[in-house]
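Here's a quick tour of a protein model, stop by stop. Take a look at the structure first, then read on.

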Amino acid sequence: MPKINRLKGLPNTITQQFFSTTFYYSKGYMADWVFNAASEKNVSELTIDFWNNTITPNELEIKPILKQLPRLKETVHKTLKSQNFEPDFITKGFMKIRMGKTGYRYLDCKTILIDKNGIEHIGKEYTESVYEENFKVFRTKKEYSEFNKDNLKTRNESILERIKNIFR
């Protein structure tokens with residue numbers, strides 16, 4: 001049986017991977033998305049369960065974050081395989097994230113993995129700065145309806161233009 005201490009650094013690897021530059025989506029990195037979404041919803045703490053692809057509170061379950069989570073689970077599976085552990089040795093994986101002090105743009109994050117024996121593999125707490133400019137994550141109903149109205153108008157105009165071009 002492989003030695004458990006080979007997995008000691010895995011929670012830290014997961015945290016570093018999630019907040020790395022390889023996890024960019026549209027307007028920002030994961031720290032930007034988490035910070036901006038949590039700020040808009042007045043959430044001070046959240047849990048990202050990358051094992052089950054969920055976020056608590058669930059109002060923060062947004063595509064930019066959820067889309068990245070399978071890669072974290074894949075990293076765990078690759079590490080287990082390379083260290084000769086059974087594929088189902090880790091049964092849970094999640095990140096606990098706290099917002100920084102008011103007025104500062106940073107997050108505190110700790111990753112926890114739980115193995116099939118119930119042992120918690122806890123990473124160190126990382127402080128992750130938010131670098132990108134503040135951007136809006138959620139639209140109000142008014143913004144959403146205006147966006148859809150403008151898109152529908154543009155789509156209809158482009159369809160009309162294409163039909164006109166067929167007969168030219």
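A polar contact is a pair of N or O atoms within 3.5 Å; within protein, one must be able to donate a hydrogen and the other to accept it, and residues adjacent in sequence count only if both atoms are side-chain atoms. Keep in mind that this is a predicted model, where local features need pLDDT of at least 70, side-chain atom pairs count only at pLDDT 80 or more, and totals for chains, interfaces and linings use all residues. Residues are numbered from 1 along each chain as its sequence is written, and side-chain values use heavy atoms, with hydrogens and water left out.

**Thr 75 and its contacts**

- You'll find Thr 75 in helix α4, residues 69-82; helices (H or I, at least four residues) and strands (E, at least two) are DSSP runs, numbered from the N terminus.
- The side chains of Thr 75 and Gln 17 make a polar contact at 2.8 Å.
- Leaving out residues up to four places away in sequence, Thr 75 touches Thr 13, Ile 14 and Gln 17, where contact means heavy atoms within 4.5 Å.
- Thr 13 and Thr 75 sit 62 residues apart along the chain, and their C-alpha atoms are separated by 8.7 Å.
- Thr 75 counts as buried because its relative accessibility is 17%; buried means under 20% relative accessible area, exposed over 50%, and partly exposed in between (1.4 Å probe, protein chains only).

- Thr 56 and Pro 57 are joined by a cis peptide bond, with omega at about 5°.
- Pro 57 belongs to the loop between β4 (54-56) and α3 (63-66).
- Asn 53 isn't a glycine, yet it has a positive phi of about 55°.
- That Asn 53 is in the loop between β3 (45-49) and β4, and it is partly exposed, with a relative accessible area of 36%.
- Asn 84 isn't a glycine either, and its phi is positive too, at about 65°.
- Look for Asn 84 in the loop between α4 and β5 (90-99), where it is exposed, with a relative accessible area of 58%.

**The second largest pocket**

- On a 1 Å grid over the protein atoms alone, a pocket is an open set of points where a 1.4 Å probe fits, with protein on both sides within 12 Å along at least five of seven lines; lining residues have an atom within 4 Å of a point.
- Residues lining the second largest pocket include Phe 35, Asn 42, Met 99, Lys 101 and Tyr 104.
- Helix α2 (residues 30-40) gives the largest share of that lining, 3 residues.
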